[in-house]
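I opened this notebook to keep track of what I looked up, one topic at a time. The entries below follow the order in which I went through the model.

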Amino acid sequence: MDAGSKAESEATKLWGGRFEGTVDPVMEKFNASMSYDKAMWKHDLEGSIAYAKALEKAQLLTEEERITIVNGLETVKQEWMTDAFTIQPGDEDIHTANERRLKELVGDVGGKVHTGRSRNDQVAVDMKMWLREHLQLLAPHLTHLIQVLVTRAEREKAILMPGYTHLQRAQPIRWAHWLLSHAWPLVMDLERLRGLYTRVNVCPLGSGALAGNPFHIDRESLAQDLGFQAITKNSLHAVGDRDFVVEYMFWASLVSSHLSRLAEDLILYSSREFGFVQLSDAYATGSSLMPQKKNPDSFELIRGKAGTMAGNLCGFLMVMKGLPSTYNKDLQEDKVKMFETASTLLGILQVAAGAVGTLKVNSEACHTALSEEMLSTDIAYYLVKKGMAFRTAHGKSGEVVKLTEELGCPFSKLTLEQLTKISPLFSEDVASLWNFEHSVEQYSAIGGTALSSVELQTSQAQEFLNSFSLV
């Protein structure tokens, strides 16, 4: 860059009056955020348009000046929309770039738009507007994913499969019950999103650098013009607050963790050892060496990216933990993490919905995996219903299990004589226990795996989805 270009570049800075000379090129690059905060170009311009109107109400702009500035900002917006905007070397951030271009279009009057405003409250409002729009985009994708799970549960509620604890076969359950076990955490995530949106939707503009705005700006009216539900109560807090970023990244990490758990189950279930599900070719890949393989890459990527999401959260928390009050340049790290988290989560939700929605469940393999030792608890419950204390019944059921292991036979092959030696409470009706459908149907309490309970779950989840609104 020649001397003239350097001088011109320095002149565009919003903070240069007190400084002499030029910034070291390495520092210039190190300090710049334009490469990523340009994503907020629209929100920065919308904030400036609303602020220009607020300045007119405060009698700091004439009507003519406000019209000139707003028209100039609208022109800048059109340039961004049509990819005609040219970023200059001195544009260290989106605020500098937009104001520089505005002054090129309308002259020195463009400099009045920053009256009483700081990049500190400007970047905070830009980020909240960007994140608010992103949350509005995310909500339908999360809703759709939940709908995929609920629809499959409704359609495939007759399929029985093993339920697992510690990855060991535990008790028979319905495939639909398993699907809904992953839907309900996402329902709670959707509820959390609504609360998060409310806390994001609070306007910091009008806080200045830290002490507030001295020009009697009507902050309530300004917030309403920008679609905010409330305004921040303290200017010191407003410019240094990034709790909304932390909370968003926590929420995104929690959603990702829930989907990672879903992915882990389906990775196992899609293996030959389980064979419960088969992924669509659209969400799987092959091996460059072994032609027979079908890899569940969609779910593996979801599982892996959940770690990245948690890392973004922890990384930014470490940035935040030791900062003094108000704005510090450390906070420039906020946008990188927020944008990466947002982009990753949007992909995760779409891939998860597609992969879950298109996989095939092998009902025969699910049923074949059921084995009679999974009915051990049913034996204990049978004895409880006959009047035996549960702890005693649990021990007697264990004796039955031990007997089948010694004889090398399933429960259904034991004779009544063999069973009555363990407990006289066993009678002919014990034969009804050796039925997996009978087993799942006893769990009819709300939240259980009986058909009636599963149907209640699907109807409740569907009712929630039908009534949900982010705002």
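**Entry 1: a buried ring and its partner**

I started with Phe426, which is buried at a relative accessible area of 3%. Here buried means under 20% relative accessible area, exposed means over 50%, and partly exposed lies in between, with a 1.4 Å probe and protein chains only. This is a predicted model, in which local features need pLDDT of at least 70 and side-chain atom pairs count only at pLDDT 80 or more, while totals for chains, interfaces and linings use all residues. Residues are numbered from 1 along each chain as its sequence is written, and side-chain values use heavy atoms, with hydrogens and water left out.

I then looked up the aromatic pairs and noted 16 of them in the structure. Rings of Phe, Tyr and Trp (its six-membered ring) pair if their centres lie within 6.5 Å; planes under 30 degrees apart count as stacked, over 60 as edge-to-face and the rest as tilted. Tyr381 and Phe390 form a tilted pair, because their ring centres are 6.3 Å apart and their planes stand at 40 degrees. Tyr381 is partly exposed, at 29% relative accessibility. Phe390 is partly exposed as well, at 34%.

How far apart are the ring centres of Tyr382 and Phe426? I found 5.6 Å, with the planes at 10 degrees, so this pair is stacked. Tyr382 belongs to helix H15 (residues 376–385), and Phe426 to the loop between helix H17 (416–422) and helix H18 (436–441), so the pair ties together parts that are 44 residues apart in sequence. Helices (H or I, at least four residues) and strands (E, at least two) are DSSP runs, numbered from the N terminus. Tyr382 is buried, with a relative accessible area of 7%.

I also noted a cluster in which ring pairs link Tyr164, Trp175, Trp178, Tyr269, Phe274 and Phe276.

**Entry 2: charges over rings**

Next I checked for charged side chains over ring faces. The rule is that NZ of Lys or CZ of Arg is within 6 Å of the ring centre and within 35 degrees of the ring normal. Lys128 lies over the face of Phe244, 5.1 Å from the ring centre. Arg132 has its charged end over the ring of Phe228, at 4.4 Å from the centre.

**Entry 3: helix packing**

I went on to helix pairs. Axes are lines fitted to C-alpha atoms, for helices over the stretch in contact, and angles run from 0 to 180 degrees between N-to-C directions. Angles under 35 degrees count as roughly parallel, over 145 as roughly antiparallel, 65 to 115 as roughly perpendicular and the rest as oblique. A crossing is left-handed if the near helix is turned anticlockwise from the far one by less than a right angle, and right-handed if clockwise.

Helix H7 (residues 119–155) and helix H8 (residues 175–200) have axes that come within 9 Å and cross at roughly 160 degrees. H7 and H8 are therefore roughly antiparallel. The crossing of H7 past H8 is left-handed. I counted residues by class (Ala, Val, Leu, Ile, Met, Phe, Trp, Tyr, Cys and Pro as nonpolar; Asp, Glu, Lys and Arg as charged; the others, Gly among them, as polar). The contact of H7 with H8 has 20 nonpolar, 3 polar and 5 charged residues.

Helix H11 (residues 243–269) packs on H12 at about 155 degrees, with the axes 8 Å apart. This makes H11 roughly antiparallel to H12. H11 passes H12 in a left-handed crossing. Their contact divides into 18 nonpolar, 5 polar and 4 charged residues.

For H15 and helix H16 (residues 390–407), I noted an angle of about 135 degrees and axes 8 Å apart. H15 and H16 are therefore oblique to each other, and their crossing is right-handed.

**Entry 4: positive phi**

Most residues other than glycine have a negative phi. I looked up two exceptions. His166 has a positive phi of about 55 degrees; its place is in the loop between strand S1 (160–165) and strand S2 (168–174). His166 is exposed, at 76% relative accessible area. Thr326 has a phi near 65 degrees and sits in the loop between helix H12 (297–320) and helix H13 (333–358). Thr326 is buried, at 19%.

**Entry 5: sequence and space**

Leu359 is in the loop between H13 and strand S6 (360–361) and is buried, at 4% relative accessibility. Leu359 and Leu279 are 80 residues apart in sequence and 4.5 Å apart in space, C-alpha to C-alpha.
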